Amino acid sequence: MFCPKCGSLLLPKKHDGRKVLVCRCGYASGDAGAPTLTENVTRPDAVAVVESEDAEKTHPLVDAECPKCRHGKAYYWTVQTRAGDEAPTQFFRCEKCKHSWRDYN
Ligand SMILES: [Zn+2]
Ligand SMILES: [Zn+2]
């Protein structure tokens, strides 16, 4: 069996106790119509600290020390980044230098 993407010979490999055919280019195929393995798995760490510029208007100011300038006040909000049964990630933005960071608690 050959890779539909690049034409190379596919190599059998075990994945989660199931046999899949994989290619050096990253293509992978299950032997019974299993879903194609992709690298697009959601990585929680890839969630960027992105927030609109009007954070100051919409988020409460709380006591939190900025890791950058040591200012003691920051705007605070939470974002549900993962499954609903996990605690939301806490975000802070320094009142003084606008540095943003997050806290996993
Ligand atoms: Zn390939
Ligand atoms: Zn700061």
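1. In this predicted model, lysine 13 lies in strand E1, which spans residues 11-15. Lysine 13 counts as exposed because 12 other C-beta atoms lie within 10 Å, and a residue is classed as exposed at 12 or fewer.

2. Leaving aside residues up to four places away in sequence, lysine 13 touches Val20 and Val22. Lysine 13 also stands 9.8 Å from glycine 30, C-alpha to C-alpha, with a separation of 17 residues in sequence.

3. Strand E1 pairs with strand E2 (residues 18-22) over five bridges, in the antiparallel sense. Within this pairing, leucine 11 has valine 22 of E2 as its bridge partner. The two strands E1 and E2 form a hairpin with two residues between them. Aspartate 16, in the turn, has a positive phi of about 55 degrees.

4. Strand E2 also pairs with strand E3 (residues 28-30), again in the antiparallel sense, over three bridges. Here valine 22 has alanine 28 of E3 as its bridge partner. The hairpin of E2 and E3 has five residues between the strands, and glycine 26 in this hairpin takes a positive phi near 110 degrees.

5. A separate point concerns the nonpolar core. The largest such core consists of six residues: Cys66, Ala74, Tyr75, Phe91, Phe92 and Cys94. Strand E5 (73-79) and strand E6 (89-94) are the elements that each give two or more residues to this core. The greatest contribution comes from E6, with three residues.

Note on methods. Residues are numbered from 1 along each chain as its sequence is written. Chains are lettered from A and ligands numbered from 1 in the order in which they are written. This is a predicted model: local features need pLDDT of at least 70, side-chain atom pairs count only at pLDDT 80 or more; totals for chains, interfaces and linings use all residues. A nonpolar core is a set of buried Ala, Val, Leu, Ile, Met, Phe, Trp, Tyr and Cys residues joined through C-beta atoms within 7 Å. A residue is buried if 20 or more other C-beta atoms lie within 10 Å of its own, exposed if 12 or fewer, and partly exposed in between; C-beta atoms are placed from the backbone. Helices (H or I, at least four residues) and strands (E, at least two) are DSSP runs, numbered from the N terminus. Two residues are in contact if their C-beta atoms, placed from the backbone, lie within 7 Å. Two strands pair if DSSP finds at least two bridges between them.
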